[in-house]
Amino acid sequence: TKKSKKRKSAHLDPRLALLDYVTSPETIALLTTVFDRSVDDQDFPAGSCVFFKDWKIAIAFDSLSEISLTHEVMRKHGILNILTKCINKKGADKELITRAMSILWKISTP
């Protein structure tokens, strides 16, 4: 099948294996959770006292949004709500707002 060919080629080229991992629904779900908590200035995992910079996570999502096959998965995991929070966040870093707008543009266009 087409899927098994993709997996086979990923084992031959480590870059494809990494791309498969980064664009997997599980990874995107985890990243959206990290992004959501970082925008709310909460630690991740909860109780860990590890705080991620929201604008740095936004940079990662901006790069991921270049890959069209991730758009549906991002939307499914609530990226639109997170981007809205980014844009409306009081005292938000300029980089966060710029990246949020870029992501929104990329995932909203076919």
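Predicted model: local features only at pLDDT ≥ 70, side-chain atom pairs only at ≥ 80, totals over all residues.
Residues are numbered from 1 along each chain as its sequence is written, and side-chain values use heavy atoms, with hydrogens and water left out. Local features need pLDDT of at least 70 and side-chain atom pairs count only at pLDDT 80 or more, while totals for chains, interfaces and linings use all residues.

Searching the whole structure turns up 1 aromatic pair (rings of Phe, Tyr and Trp, the last by its six-membered ring, with centres within 6.5 Å; planes under 30 degrees apart are stacked, over 60 edge-to-face, the rest tilted). It is Phe 35 with Phe 61, stacked at 5.3 Å centre to centre with 20° between the planes. The pair ties together distant parts of the chain, 26 residues apart: Phe 35 sits in helix H3 (residues 25-39) and Phe 61 in helix H4 (residues 54-64). Helices here are DSSP runs (H or I, at least four residues), numbered from the N terminus. Both Phe 35 and Phe 61 are buried (under 20% relative accessible area, 1.4 Å probe, protein chains only).

Buried residues in H3 are Thr 27, Ile 28, Thr 32, Val 34, Phe 35, Ser 38 and Val 39. They cover an arc of only 160° around the axis, so they lie on the same side of H3 (the arc is taken from the directions from the helix axis to the C-beta atoms). Just after H3, Asp 41 adopts a positive phi of about 55°.

Notes:
Helix = DSSP H or I, 4+ residues; strand = E, 2+ residues; numbered from the N terminus. Buried < 20%, exposed > 50% of the residue type's maximum accessible area, 1.4 Å probe, protein only.
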